[in-house]
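Thanks for coming. I will show one structure and go through its overall numbers, then the annotated site.

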Amino acid sequence: MAFSDVDWLDAAAALAGRGRPLSRPNPAVGALIVKQGRVIGRGWTRAGGRPHAEAEALAQAGEAAFGATAYVTLEPCAHESQRGPACAHSLREAGLARVVIGCEDPDPRTAGAGIAMLREAGVAAELLPSPAALHSLEGYLVRARFGRPHTTLKLATSLDGCIAMADGTSQWITGPEARAHGHAIRARSDAILVGGETLRADSPRLDVRLPGLEDRSPARWVLTRGSAPDGWQTIADPASGDFGDAQYLLIEGGAGAAAAFLGADRVDRLLLYRAPILIGAGRHGLGDIGLTSLGNAHGRWRLTDRRQLGSDTLDVYDRIR
């Protein structure tokens, strides 16, 4: 069966996920080099941002790259760096016939220039906007547009919306499958944030406890105007905090922290894990988010995924912007 350009870009986007979040401060990019329907080179952005995905794929393809097609999730960079040549230049020198690109780079050093550099050399460079590529680059794109990380709020609740018993007991509302999925999301995040009350009450570890991924534990942040223990970074305000170069932030604990980020409209994705239990007089998952009209609550979230995790259900919602 022949694969379309869209299929190959989807595959490159899946490959890009291997670079997240270690590629920071660079975006996690995926690249495939295809010739006569076969992959002859593949790459993804490595830790610290180098080598770039295109460089990895070209090195693997070698001289066979001549006349081939490259599929790249993000426009190849056009600016030279002390850390390596511009990818657009490398692709041009390799003699590729086509380069299919899933997303234009918002970086002003490259935006449009990478495509122009390829076309000037006679390479058929095509921009084919790809939902999969955009999804794989969302942290980079949100940072470029808003100057902050792409932010995911995780809530694990009972069917009636409680995150804990009235006395604060919360281990465990969801089952092992849902908890393992949550740890996989941690491993794909640059930082994980809880509220000050959660930190004081639970002393959470916030590490990744999946075999082989223990070294992917994210930085630990706490929403507070006070101090934090060693190894923690404080964020005083969701709207103006110092998020460094983080591209992916996961909020995981505290109704107050959740409400603060929602109220500031700084949440891009909701992960709602629901266990088939009822708690009744428990602690609810959200505090006041500043909603003044029920009408304002509608049209803000779009369901993008739903799956069963053991006995629990996960619903994923993306913010409509």
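**Charges, fold and annotated site**

Let me start with charge. The protein carries 36 positive and 36 negative side chains, and the centres of the two sets are 1 Å apart. Here Lys and Arg count as positive, Asp and Glu as negative, while His and the chain ends are not counted. Each charge is placed at NZ of Lys, CZ of Arg, CG of Asp or CD of Glu.

Some bookkeeping. This is a predicted model: local features need pLDDT of at least 70, side-chain atom pairs count only at pLDDT 80 or more, and totals for chains, interfaces and linings use all residues. Residues are numbered from 1 along each chain as its sequence is written, and side-chain values use heavy atoms, with hydrogens and water left out.

On to the fold. There are nine helices and 15 strands, taken as DSSP runs numbered from the N terminus: H or I of at least four residues for helices, E of at least two for strands. Along the principal axes, the C-alpha atoms fill a box of roughly 70 × 45 × 45 Å.

Of the 321 residues, 46% are buried, meaning under 20% relative accessible area; exposed is over 50%, partly exposed is in between, with a 1.4 Å probe and protein chains only. Of the contacts (heavy atoms within 4.5 Å) between residues at least 6 apart in sequence, 71% join residues at least 24 apart.

Now the site. An unreviewed UniProt entry lists Ser170, Arg186, Leu206, Arg209 and Glu252 under "binding site"; such annotations may be inferred rather than shown by experiment.

Where does Arg186 sit? Arg186 is in helix 7, residues 176-187. Its relative accessibility is 7%, so Arg186 counts as buried. Leaving out residues up to four places away in sequence, Arg186 touches residues including Leu206, Arg209 and Glu252.

Glu252 belongs to strand 11, residues 248-253. Glu252 also counts as buried, because its relative accessibility is 18%. With the sequence neighbours up to four places away excluded, the residues touched by Glu252 include Lys154, Arg186 and Leu206.

Last, His183, which is also found in helix 7. His183 has a relative accessible area of 11% and is therefore buried. Not counting residues up to four places away in sequence, His183 touches Asp207, Val208, Arg209 and Leu210.
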